[in-house]
Amino acid sequence: MDIGHSALEQLLLPAECLLCHALLGERDVARIVCGVCRHRWRSVRAPWCARCGQPEPHFGACRLCAGWPVALDWVRSAVWLAAGAQQAVHALKYGGLPRIADDLAATMAPMRPPDDGPSALIPIPLAAKRLRQRGYNQSEQLARSLAREWRMSVLVDVLVRTRETPTQTALTPETRLANVRAAFAAANVQHSMINDHWTLIIVDDVFTTGATLAEAARALEQAGAKRVCGVTFARAAIPDFS
């Protein structure tokens with residue numbers, strides 16, 4: 001009998017919260033993180049930059065998103081990358097638990113961009129080597145979970161990664177930009193959804209400086225996209241490299 005990855009995962013996992021190990025109630029039996037732990041994730045709240053969602057007071061133009069491509073006009077993150085939220089991201093990326101994307105997407109659901117016409121979700125593509133190692137793309141898992149929440153299509157054939165890039169974790173904001181420069185390309189430029197009538201929503205797990213989202217949006221813009229948004233589950237505090 002062929003059992004899918006998610007179904008097998010449910011059979012093998014105990015019915016307890018991944019984070020606090022409390023037994024999951026009947027309402028949360030399909031979850032990996034209990035309602036109490038999800039409630040403890042610290043939401044990213046206004047005031048923030050109207051464009052990039054960085055919640056800091058700004059005097060004049062925001063420096064974080066000043067160099068973004070014109071098409072990328074709206075980015076938001078659901079929670080801060082801290083404590084339990086960081087554990088959840090780690091489980092999605094490195095713990096072999098793609099089903100936890102449903103818990104993360106449920107938290108992201110209220111961030112749906114303004115409905116100004118048809119929209120589609122585009123996950124940040126994973127390099128082929130990492131995809132083989134991980135067995136799935138965590139951003140695609142998030143996008144598919146969000147698609148069920150928002151009743152949208154997921155496009156996995158319009159954005160590709162053109163080269164392997166070192167992990168961004170230990171890089172400064174400046175080197176992050178250089179690290180992902182020209183790392184993406186639009187693979188299907190004739191796609192009917194890449195035009196000025198569609199909003200393309202890029203999905204990723206974590207926002208730090210926005211370099212990855214901006215470079216992905218640049219590739220879509222060059223292919224003809226007029227409006228690109230971005231959503232992530234978590235937002236990391238920008239490290240102080242001074």
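**Entry 1: helices and strands.** I looked up the secondary structure and found eight helices and seven strands in the protein. I note here that the model is a predicted one.

**Entry 2: totals.** I then took the figures for the protein as a whole. The protein has 242 residues, and 48% of them count as buried. Its accessible surface is about 12,400 Å². Carbon and sulfur atoms hold 53% of that surface. I also looked up how far apart in sequence the contacting residues are. Among contacts with a separation of 6 or more, 74% are between residues 24 or more positions apart.

**Entry 3: helix α4.** Which residues of helix α4 are buried? I find that α4 covers residues 101-108, and its buried residues are A101, D103, L104, A105 and M108. Next I looked for what these residues pack against. Their partners include three helices, α2 (35-40), α3 (83-93) and α6 (138-150). The strands β1 (72-80) and β7 (227-235) are also on the list.

**Entry 4: A83.** I moved on to α3, where A83 is placed. The phi of A83 is positive, about 45°, and the residue is not a glycine. I wrote down the general rule beside it: most residues other than glycine have a negative phi. Is A83 buried or exposed? A83 counts as exposed because its relative accessible area is 59%, and the cut-off for exposed is over 50%.

**Entry 5: H21.** I looked for another positive phi and noted H21, a residue other than glycine with phi near 65°. Where does H21 lie? I located H21 in the loop between α1 (5-12) and α2.

**Entry 6: A46 and P47.** I checked the peptide bond from A46 to P47 and found it cis, with omega near 10°. The general rule is that most peptide bonds are trans. P47 belongs to the loop between α2 and β1.

**Entry 7: A128.** I looked up A128 and found it in helix α5, which covers residues 128-134. Its relative accessible area is 48%. A128 is therefore partly exposed, as that class lies between the cut-offs of 20% and 50%. I then compared its positions in sequence and space with those of T162. A128 and T162 are separated by 34 residues in sequence. Their C-alpha atoms are 9.9 Å apart in space.

Conventions: Residues numbered from 1 in each chain as written. Predicted model: local features only at pLDDT ≥ 70, side-chain atom pairs only at ≥ 80, totals over all residues. Heavy atoms only, no water. Helix = DSSP H or I, 4+ residues; strand = E, 2+ residues; numbered from the N terminus. Buried < 20%, exposed > 50% of the residue type's maximum accessible area, 1.4 Å probe, protein only. Contact = heavy atoms within 4.5 Å. Areas by Shrake-Rupley, 256 points an atom, 1.4 Å probe, with all protein chains shown as cover.
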